[in-house]
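Hi,

Here is the structure I promised to pass on.

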There are 2 protein chains.
Amino acid sequence: MDKKELNVAIVGATGAVGSKILEKLVARKFPAKSIKMLASKRSAGTEIVVDGQKYIVEETVPESFEGVDIAFFSAGGSISKKFASEAVKRGAVVIDNTSAFRMDEGIPLVVPEVNPHELKNHKGIIANPNCSTIQMVTALHAVKEKFGINRIIVSTYQAVSGAGAEAIHELGTQSLQFEERADIEAEILPSASASKHYPIAFNAIPQIDLFDESGYTLEELKMMNETKKIFSDDKIAVTATCVRLPVVTGHSESVYIEVDSEDVTVEAIRAAMATTTGVVVQDDPSSQSYPMPLYAEGKDEVFVGRIRKDPAHPSGFHMWIVADNLLKGAALNSVQIAEELIK
Amino acid sequence: MDKKELNVAIVGATGAVGSKILEKLVARKFPAKSIKMLASKRSAGTEIVVDGQKYIVEETVPESFEGVDIAFFSAGGSISKKFASEAVKRGAVVIDNTSAFRMDEGIPLVVPEVNPHELKNHKGIIANPNCSTIQMVTALHAVKEKFGINRIIVSTYQAVSGAGAEAIHELGTQSLQFEERADIEAEILPSASASKHYPIAFNAIPQIDLFDESGYTLEELKMMNETKKIFSDDKIAVTATCVRLPVVTGHSESVYIEVDSEDVTVEAIRAAMATTTGVVVQDDPSSQSYPMPLYAEGKDEVFVGRIRKDPAHPSGFHMWIVADNLLKGAALNSVQIAEELIK
């Protein structure tokens, strides 16, 4: 892209991620001539104010994308499938935050710190990976480059904001119902489209998204498949367990890796990680320093701590990776992709 | 023990576990002639009523154990170290729920479903394992017997009640402070004896108990070492990450195992687990059936679900193990040890 100032559109403008994309574009002074806020017909007319500037939400129709240079999509896979090609047809580059195209051949799946070179191959659509995948590959990238990683076993501790604004509201309501000993109402989690719903307040639900016939959830399969694609490594063994927690924002991950060599130290892992821009090693047991989701909320960085060697395996290491799932896990990564595109 | 009716003492009578031991003794009709409730001087005189029967708490002194046949200890390691030998000297068998003697040579560390035979070797003190260890070894025992397990990698999701009644109170207070946007006060977790305290409400803290110089926490080392001792298997590779969650009661565990053979199926693992008394396999993705801590609270059983094969490793399996940490994780297991002793 060689324009100095760009026309931008955000589809899903009223959602948890859409509003963060707008905030990040403004805060990072993205060279936008105009920002069009698009959503469903129901939300049309809604006013959004960021940094003193007012934005009026419009209904998404194919013609919305006339003259648009970059369109961010974050309104669910079905909306992306319906409108992304309309945007591309009109000359826009689509940065899609849903799972609609991520695993499609020829669609770059990009984390700018890890595989920015994939961007040059795009044909109009660029996919933004799943939130829990992004923070993990960002943290592991330098370790993989330097020492090789042949195996990842991850258990996640995911915040409700990953399921959208309604899930945040549900956790708040249930927490009060719980304290007042009232009946707990569950209508959203573990997934709005699932048949059964369970309370998330003071609970842990080992289901994120729907189940596949393999017994894994779609969220787990996203982590397993997207990691291989982003790392361009079909041979790396990745397996995941994804769990939803009563945390508002901030995904945490207990990650176990096996590196290619047996003489790697914890210090070497820490040093490698710290070379990645945006990765903060917060790892000092003696001062109880380690990442926690409550402190990662609102931050751009990926935080890593609890790095330690498995005494029972010569090349095994544990770590604890935390990031704001709405920022590096979604909105920030999308905006970084746009920044990389116009470099 | 060949007496028909026994004199029982509970040290730590006013604690989260002590009160559950009393409830379980009464509910399971343990043949107790008398139950003496012992605690610190400060709690002496407190009245506890269970099933219409009133118990008055007395201060623990060496003479408290005169005539006692079985003494349950659950008042912290220092109290066990101070009084367990006094109880044994007076002829009592001590069932100790603290970590004071667990790894001592010659002290049986017992989960009745797994290694009841170790009880015959006791010399007065029997150790009750750590809560997160008990539920894991109970669930895995039959799989290990039938197929062999050579490796365990576990990430825990632990409830605050494991840190005692004060931690339960702290979670409740912080949840309200959070909803009212008041300042959050943290004084107990991650560990009352740690220098720093962090909020647990709407957070996840990757520290349970204090750190050892290895970078592991004592809770993680307990799981690693106690599992080997209970399974009488020095060669099994066990490594753990322990995390505290805003859950009142019910520990969950994301457990990854490698079995000795490559042709084991998920169905065979489920079938093996179901043969252990007290283990409930709750595992049907098609009906969203899996264990959750909110539903395990108050239950005696260990629940297992999300059992699935690692597509990247021929003998690797994931599972999700949940139990009430105050019952099977503590009070119930202690009472079961006593029942086994008088069989």
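Let's begin with a proline: Pro190(A) sits in the loop that runs between helix H4 (165-179) and helix H5 (218-230) of chain A. The peptide bond joining Leu189(A) to Pro190(A) is cis, with omega at about 10 degrees. Bear in mind as you read on that this is a predicted model. Chain B has a cis bond as well, between Leu189(B) and Pro190(B), and omega is about 10 degrees there. Pro190(B) belongs to the loop between helix H4 (165-179) and helix H5 (218-230) of chain B.

While we're on backbone geometry, have a look at Gln288(A): it isn't a glycine, yet its phi is positive, about 50 degrees. You'll find Gln288(A) in the loop between strand E12 (279-281) and helix H7 (293-296) of chain A. For context, most residues other than glycine have a negative phi, and most peptide bonds are trans.

Next, the sheet in chain B. It is open, has six strands in the order E5-E2-E1-E6-E7-E8, and the pairing is parallel. Which strands are at the edges? Strand E5 (58-59) and strand E8 (125-127) of chain B are, each pairing on one side only. Strand E7 (residues 93-96) of chain B runs parallel to E8(B), and three bridges hold the pairing. Within that pairing, Asp96(B) has Ala127(B) in E8(B) as its bridge partner. Helix H8 (residues 327-341) of chain B packs on the sheet, where it touches E6, E7 and E8 of chain B, and its direction makes about 150 degrees with that of E7(B). Helix H1 (residues 16-27) of chain B lies across strand E1 (6-11), strand E2 (32-39) and strand E6 (70-73) of chain B, and runs at about 155 degrees to E1(B).

There's a helix pair in chain B to look at too. The axes of helix H3 (residues 131-147) and helix H6 (residues 266-274) of chain B come within 8 Å, crossing at roughly 115 degrees. The crossing of H3(B) past H6(B) is right-handed. On the H3(B) side the contact is made by Ala139(B), Leu140(B), Ala142(B), Val143(B), Lys146(B) and Phe147(B), and on the H6(B) side by Ala268(B), Ile269(B), Ala272(B) and Met273(B). Sorted by type, the residues of this contact between H3(B) and H6(B) are nine nonpolar, no polar and one charged.

Now for the interface. Chain B puts 62 residues into the contact and chain A puts in 62 residues. About 5,100 Å² is buried between chain B and chain A, with carbon and sulfur atoms giving 60% of that.

Last, the charges. Six salt bridges are counted between chain B and chain A, and the count over all chains comes to 40. One to zoom in on is Arg151(A) with Glu258(B), where the closest N and O atoms are 2.9 Å apart. Arg151(A) also forms a salt bridge with Glu258(A), at 3.4 Å from N to O. That pair links distant parts of the chain, 107 residues apart: Arg151(A) is in strand E9 (residues 149-157) of chain A and Glu258(A) in strand E11 (residues 251-259) of chain A.

Cheers

Conventions. Residues are numbered from 1 along each chain as its sequence is written. Chains are lettered from A and ligands numbered from 1 in the order in which they are written. This is a predicted model: local features need pLDDT of at least 70, side-chain atom pairs count only at pLDDT 80 or more; totals for chains, interfaces and linings use all residues. Side-chain values use heavy atoms; hydrogens and water are left out. Axes are lines fitted to C-alpha atoms, for helices over the stretch in contact, and angles run from 0 to 180 degrees between N-to-C directions. Helices (H or I, at least four residues) and strands (E, at least two) are DSSP runs, numbered from the N terminus. A crossing is left-handed if the near helix is turned anticlockwise from the far one by less than a right angle, and right-handed if clockwise. Contact means heavy atoms within 4.5 Å. Ala, Val, Leu, Ile, Met, Phe, Trp, Tyr, Cys and Pro count as nonpolar, Asp, Glu, Lys and Arg as charged, and the others, Gly among them, as polar. Two strands pair if DSSP finds at least two bridges between them. Buried area is the accessible area (1.4 Å probe) that two parts lose on being put together, summed over both. A salt bridge is a side-chain nitrogen of Lys or Arg within 4 Å of a carboxyl oxygen of Asp or Glu.
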